[in-house]
Amino acid sequence: MNWRTIIYVILLASLTVVKALPRSYRDTEKKTSIGQRFSQLQENHFKAIAMIMFAQYVPGGTFGRAVKMAEDVTDLAKRCAAAARDSPDCLKPLDRIFLDAICQEENLPSFTDCCAKKDPERNDCFLSLKNSSRGFVSPFERPNAEAACKNHSQHQHPFAGYFTYEVSRRHPLLYAPTILSVAIRYDEMLKNCCGSAEDPTGNPEECFRRQAPKVMKPVKEDGLRQEHTCGILKKFGERTLKALKLAQISQKFPKADFATVNKLVTDVANMHKDCCRGDMLDCMHEREEILHYVCTNQDILSSKIRKCCEKPLLQRSECIVNAENDDRPAGLSPHVREFIEDKGICDRFAQEKDMHLARFLYEYSRRHPEFSAQMLLRIGKGYEDLLKECCKAGAPENCCSRGEEELKKHIYETESVMKTSCDIYKEKGDYYFQNELLMSFTKKMPQLTSAELIKFTKQMTTIGSKCCQLSQDKLLPCAEESLDLVLGEICRRHLTDPINPGVCQCCSSSYAFRRPCMGKLETDENYVPLSLTPGLFTFHEDLCTTEEEKLQHKKQEMLVTLIKYKPHISQEQLTSVTAAFTAMRERCCREENRQACFGREGPELIKRSEKMLSA
């Protein structure tokens, strides 16, 4: 059976795929054997997951090697299921069998050190390598449409299997069912775009160009979310991740009691720890257990997830995450004054600090779906700081009463920032709003490349277009939680290649206050501006393009360079330089020899602009 068929079968099968997944070697005494797992999963399920795991563990290998290792392990599993279940090889934990298979392969020198260790140290070593392999392989390029269609029509190449392998090796921590579902979409795209030998489509390349981004969207979005969550866990620790999940789950399921929400928070945090370590089997198993718990306890959790729980497993998790928050219980006051006015709060804070703070965050979050999770964490931190101060010996009797006033002030400031940003977006539109962001972020982070600055500000502009049209009660969760993903990406960029001390402070000090910290950053005064060299500003006839998107991109590249050259440029100076550039462009684009005109007028523009900027 070829790999295309295998991928189809695994997705169309029942939920036993994940329910039967084994736990890691840490739970060896509770696990059934590889033969029993093979019987539960069936051959196609087992082989597809094995291939993903090998591709993720050995991203520098070949497709053929990943397939061979997957088939070898599957053959062992088949033998163990048939008759040899008492063989020592059949009694090994599945994780160990996978690593043994890798260590038996020749010409894999990068794994020599890991293979010399004993479990569980060997497993930890492999997981460390898996984490460090992200970015090792170049991004997956869309294949040549003609060649892909030829392979597809002749069935000469197991394309769904090959695609699965290529995505897996580029995303060593990505959830396996996500990869499998994208492989199916990719195969469907081939069918749609390639047609048949008797009835070929008119333009496969155009079809690929149009459909490929939609096909790859889950890989990009799930991968970004996973990297983001793992980044929070790695930088700020389990306590911060649990607080974030507590706020989000309390908003999602406001009718659930604290014990139920706390159980879900613990389970979700444990799942993320395994997913972020690269323990794919544990990650898949725990996610399925959480989904099973949520869907079998809808009556105490939410009335909004019934349709999600009826969906196939692959679609269920995303559906629940994106489902509406359940309705708040009737009569639930918006205030939690008992956490301020109760005379026993200092005793409770002293006796069970984290649990008391968790109860406050739970009660406040379930009452306020209109706040972002990050804002709720800031409110929780403000409450903690208030108790630390007011529970000291000698603190004024009415010390806690000022907490409500400070809370109102923070809420007002946060909502004002978002409202102001949306007002600017609505006034200026996508392009000019992005230009405002480009000027701001180039001054804050001039060490970033033009491409990075344009990418990040484009993402922020997309947030404006998505969130600023929403009602006031949905604006803040949409805007700040989306912006948090972009800021997380900037901070991960900073970890790999430090930007500047200001960004370092914002990325390191507090997760909850990361967005306000970035907002308060000003021009990096330690940055040495670019020198005015002959090649700093160049003008070519491609500025006469009629494709507005390309022209805007070129103008934004020049804007970034201008800010890096003159970080303290005033708005008046910028307006003058922009007007002079626009006049030159229009004049040269009307001439017959455009390049000669730019060659003549460009240096003159730079001289005039230098005078304007020196004034």
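Analyst: In what follows, Ala, Val, Leu, Ile, Met, Phe, Trp, Tyr, Cys and Pro count as nonpolar, Asp, Glu, Lys and Arg as charged, and the others, including Gly, as polar. On that basis, five nonpolar, five polar and three charged residues line the largest cavity. The model is predicted: local features need pLDDT of at least 70 and side-chain atom pairs pLDDT 80 or more, while totals for chains, interfaces and linings use all residues. Residues are numbered from 1 along each chain, and side-chain values use heavy atoms, without hydrogens or water.

Five cavities reach 30 Å³ or more (a cavity is a set of points on a 1 Å grid over the protein atoms alone where a 1.4 Å probe fits but cannot get out). The largest has a volume of about 130 Å³, taken as the space filled by probe spheres set on the points, which are joined across faces, edges and corners. Its lining comprises 13 residues (an atom within 4 Å of a point), and Gly231, Lys235, Cys491, Leu495 and Arg514 lie nearest the centre. Two or more lining residues come from each of helix 13, helix 25 (472–496) and helix 26 (501–509) (DSSP runs of H or I, at least four residues, numbered from the N terminus).

Helix 13 also has a part in the largest nonpolar core, which holds 171 residues (buried Ala, Val, Leu, Ile, Met, Phe, Trp, Tyr and Cys joined through side-chain atoms within 4.5 Å; buried means under 20% relative accessible area, with a 1.4 Å probe and protein chains only). Ile34, Ile102, Phe208, Met518 and Phe539 touch the most other members. Helix 13 (residues 204–252) supplies the largest share of this core, eleven residues.

Conventions: Buried means under 20% relative accessible area, exposed over 50%, partly exposed in between (1.4 Å probe, protein chains only). On a 1 Å grid over the protein atoms alone, a cavity is a set of points where a 1.4 Å probe fits but cannot get out, and a pocket is an open set with protein on both sides within 12 Å along at least five of seven lines; lining residues have an atom within 4 Å of a point.
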